[in-house]
Amino acid sequence: LANFLNLKLNLNGLAMPKWYCNEPIVLVTNWLQDFQLSAQHHRNAMKILCLKRPHFYSPIFIDLPTKYDDIFHMHNEYRCEHCKKVSSNTLLCLICGELHIKRWFPPCCVYQRQRYIQHLAKCGHPAAIMLDIQTTLIAICLTDTYGYWHSLYLDQHGEEDPKLKRGKTLLLNLNRLAVLRTLWLTATFDYQIQNWLSYTSLMISHFDVLL
Ligand SMILES: [Zn+2]
Ligand SMILES: [Zn+2]
């Protein structure tokens, strides 16, 4: 076996590691010389050996404020950087934090339409998770379709207020946030969204569909 493995044999016939010696300094020097020799022949392999183990950071949403009032006042209007028109049909991407105009509403200009499509190419795998600022509801946006999920913000009785009419303080519900994150990470929206709507279909009131 020792011969097969190309190990040196000492006088007693026992296998000896090639680098065995009594002096630690000699041992370390030998290791470094061997490493240098290997690095000359197997550059990439040595690079991998030397690099740290890569860390994988699980995808997360942007930080959301506890009170819906705060998010509403911050994002309920968007001024187009191209045509300078102001729109209140805003969507906040929970993945990257960008503000967009709803694709299913007439855009202020072609630039915004393109911007929406480009954004889906960035955040739409498997789907862009957008917060519809006017309704508090979550819109799941795919390339050709979108669907509404529930709201992350509830009042003290645990109820949604998508028309923002009751005027009660709406607070971020962490359980719902965790469920949404799981849906996003596992791409299992179909279990919870029955009505996928086409961007090109007639604009209808989502409240008629949802409520
Ligand atoms: Zn995004
Ligand atoms: Zn515009």
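Let's start inside the protein: Ile101, Lys102, Arg103, Phe105, Pro107, Gln112, Arg113 and Tyr116 line its largest cavity. This is a predicted model, and a search through the whole of it turns up 1 cavity of 30 Å³ or more. How much space lies in the largest cavity? About 40 Å³. Helix H4, which covers residues 110-123, gives the largest share of the lining, with 3 residues. Sorted by class, the lining has 4 nonpolar, 1 polar and 3 charged residues.

Now head back along the chain to a pair of helices. Two packed helices are described by the angle between their axes and by the distance between those axes. Here, helix H1 (residues 24-41) packs against helix H2 (residues 43-50) at about 125°, and the axes are 5 Å apart. Which residues make the contact? From H1 come Phe35, Ser38, Ala39 and His41, while H2 brings Arg43, Met46 and Cys50. By class, that contact has 4 nonpolar, 2 polar and 1 charged residues.

Finally, how far does the predictor trust its own work? The chain's average pLDDT is 86, and 84% of the residues score at least 70. The pLDDT is below 50 over residues 207-211, a stretch with 9 contacts in the model beyond near neighbours in sequence.

Key
Residues are numbered from 1 along each chain as its sequence is written. Chains are lettered from A and ligands numbered from 1 in the order in which they are written. This is a predicted model: local features need pLDDT of at least 70, side-chain atom pairs count only at pLDDT 80 or more; totals for chains, interfaces and linings use all residues. Side-chain values use heavy atoms; hydrogens and water are left out. On a 1 Å grid over the protein atoms alone, a cavity is a set of points where a 1.4 Å probe fits but cannot get out, and a pocket is an open set with protein on both sides within 12 Å along at least five of seven lines; lining residues have an atom within 4 Å of a point. Grid points are joined across faces, edges and corners, and a volume is the space filled by probe spheres set on the points. Helices (H or I, at least four residues) and strands (E, at least two) are DSSP runs, numbered from the N terminus. Ala, Val, Leu, Ile, Met, Phe, Trp, Tyr, Cys and Pro count as nonpolar, Asp, Glu, Lys and Arg as charged, and the others, Gly among them, as polar. Axes are lines fitted to C-alpha atoms, for helices over the stretch in contact, and angles run from 0 to 180 degrees between N-to-C directions. Contact means heavy atoms within 4.5 Å. pLDDT is the predictor's confidence in each residue, from 0 to 100.
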